[in-house]
Amino acid sequence: MSSLDPRVNRLDFKKITDGETHTNSHLITWEVFHQDKRGKQVIHVGIVHAPTPDMALILAKEQYARRGKTTNLWVTKTSDVYTFATEDEDIFETTPEKHFRDPAYYKVRDRIEKFQKQQKQTV
Amino acid sequence: MYGSTNLSEEDAKRMNTTVEDPEKLEAFESRIARGEKIEPQDWMPVEYRKQLIRMIEQHAHSEIVGALPEGTWITRAPNFRRKLALIAKVQDEIGHGQLLYSAAETLGKTREQMLNDLINGKSKYSNVFNYPAYTWADIAVIGFLVDGAAIVNQVINSKGSYGPYCRALERICYEESFHLKQGHDNVVYLATGTKHQRAILQDAINRWYRPLLHFFGPTDKQSAHSEKLMKWKIKLASNDDMRNQFLDQYVPKIWELDITFPDPNLRKNNDGIWEFSDPDWDEFKRVINGDGPCNAERIAVRKFAEEAGRWVRQALINPSEKYQVPLA
């Protein structure tokens with residue numbers, strides 16, 4: 001093969017066998033979390049394939065910290081992450097009436113004023 | 001750089017005949033109609049999964065193979081600044097391939113199987129990378145116009161329905177904006193340089209004109225349609241619409257440099273539609289089926305990398321660890 005690429009011309013293509021591909025010899029995946037600033041949340045950004053945590057961190061650095069600012073990366077094995085099933089999304093739906101959780105719901109000034117008025121009258 | 005949404009005839013036929021659970025299908029389709037994303041663990045029609053795998057995988061291969069013609073020129077970049085930019089761009093392309101393989105993996109096809117299918121020819125990559133980069137000007141044109149075309153496609157696809165693909169594309173589009181800018185800078189330097197620089201640029205434009213028209217796939221009249229691909233937000237714009245958008249954005253930027261395209265019929269008509277001569281769709285088919293100037297070399301290089309690096313990967317594998325489909 002004659003290529004425009006001198007590096008391709010240096011490859012010894014005779015060394016490779018023809019048509020043989022392998023299956024089920026792939027590395028496990030790691031979920032990657034990225035922090036872009038001290039004090040900020042660490043956020044999930046994607047995965048890498050790697051044999052060990054050290055390699056996963058090195059590859060995550062290449063993949064997810066190439067641009068922009070990064071202060072840290074976390075990795076964890078995909079198989080160590082536990083989640084809810086997505087079809088159970090409705091378990092997060094509770095009563096839509098949640099005034100009791102709203103700080104603005106708690107209004108006491110009227111009551112205090114009414115109380116103070118009554119106090120004055122009794123005096 | 002590019003994932004084609006073009007259906008083969010059989011695929012189009014099967015898409016319209018496969019029967020799905022009507023209740024689940026309706027919930028799925030109304031979720032997409034509401035503009036919500038589909039996530040990997042959600043129920044999805046068999047054909048939705050299949051077409052997405054095909055498309056994202058093809059896009060991933062295009063990133064990896066697309067780095068090859070550009071990599072050719074790293075050792076011969078005209079100065080250090082250009083060399084640094086080209087190395088960074090090639091690294092980005094490989095990174096984009098990895099992000100896209102990850103997105104496709106969430107649908108249940110392993111990365112290894114995808115790489116095998118690239119080598120054994122079962123899955124395709126963008127046709128445009130079967131053409132060689134003869135001179136430095138080809139690198140300028142690839143960086144500006146091929147990346148420009150890819151960005152048109154990717155920005156549109158990033159509005160699609162599959163969560164992991166959209167997330168990958170957003171990251172990719174952000175990074176590709178530098179590719180486009182440095183490509184334009186490179187083209188402008190050649191166009192405003194010496195007579196020789198202008199001449200090699202014009203030659204490169206002449207070479208890339210047809211492959212660029214081919215880039216968005218056959219005309220709408222020629223391509224197999226599937227309403228479903230549109231309904232499911234896998235395909236978001238027709239080939240002709242994307243091609244027109246590309247011409248509209250980029251042709252004026254070449255013309256203002258007093259560089260021409262090798263087509264006397266290229267012009268914008270009063271409706272805003274670009275007209276051009278038939279770019280030889282037979283050549284497109286020939287190259288896609290393996291008979292392009294660089295098809296054999298591209299696959300041979302991938303195969304060499306796969307086989308020469310296998311012993312390293314095998315040495316690293318821990319047989320007690322079991323692969324699991326990534327989450328998102």
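pLDDT is the predictor's confidence in each residue, on a scale from 0 to 100, and it is the value to keep in mind for the views below, which all show a predicted model.

**Figure 1. Confidence of the predicted model, with attention to chain B.** Chain B has a mean pLDDT of 92, and 98% of its residues reach 70 or more. Among the elements of chain B, the highest mean pLDDT, 97, belongs to helix H8 (residues 195-214), whereas the lowest, 72, belongs to helix H1 (residues 9-15). Where pLDDT is low, the predicted coordinates should not be read in detail. For the model as a whole, the scores are ipTM 0.87 and pTM 0.90.

**Figure 2. The contact between chain A and chain B, seen from the residues that form it.** Chain A contributes 34 residues to this contact and chain B contributes 38 residues. On the side of chain A that touches chain B, helix H1 (6-9), strand E1 (29-35) and strand E2 each supply at least two residues, and the largest share, 4 residues, comes from E2(A). Sorted by class, that side of chain A holds 17 polar, 13 nonpolar and 4 charged residues.

**Figure 3. The open sheet of chain A and the helix that lies across it.** Three strands of chain A, in the order E2-E1-E3, make up an open sheet with antiparallel pairing. Strands E2 and E3 (72-77) of chain A stand at the edges and have a single partner strand each, so one side of each is left without a neighbour in the sheet. Neighbouring strands are turned against each other by 30 degrees on average, direction ignored. The antiparallel pair of E1(A) and E3(A) extends over 6 bridges, and Glu31(A) has Thr76(A), in E3(A), as its bridge partner. Helix H2 (residues 53-64) of chain A lies across E1, E2 and E3 of chain A, and it runs at about 130 degrees to E3(A).

**Figure 4. Helix H5 of chain B and the elements that cover its buried residues.** Within helix H5 (residues 111-119) of chain B, the buried residues are Arg111(B), Glu112(B), Gln113(B), Met114(B), Leu115(B) and Leu118(B). Just after H5(B), Gly121(B) takes a positive phi of about 85 degrees.

Conventions
Residues numbered from 1 in each chain as written. Chains lettered and ligands numbered in written order. Predicted model: local features only at pLDDT ≥ 70, side-chain atom pairs only at ≥ 80, totals over all residues. Buried ≥ 20, exposed ≤ 12 C-beta atoms within 10 Å, placed from the backbone. Contact = placed C-beta atoms within 7 Å. Nonpolar A, V, L, I, M, F, W, Y, C, P; charged D, E, K, R; others polar. Pairing = 2+ DSSP bridges. Axes fitted to C-alpha atoms, helices over the stretch in contact; angles between N-to-C directions.
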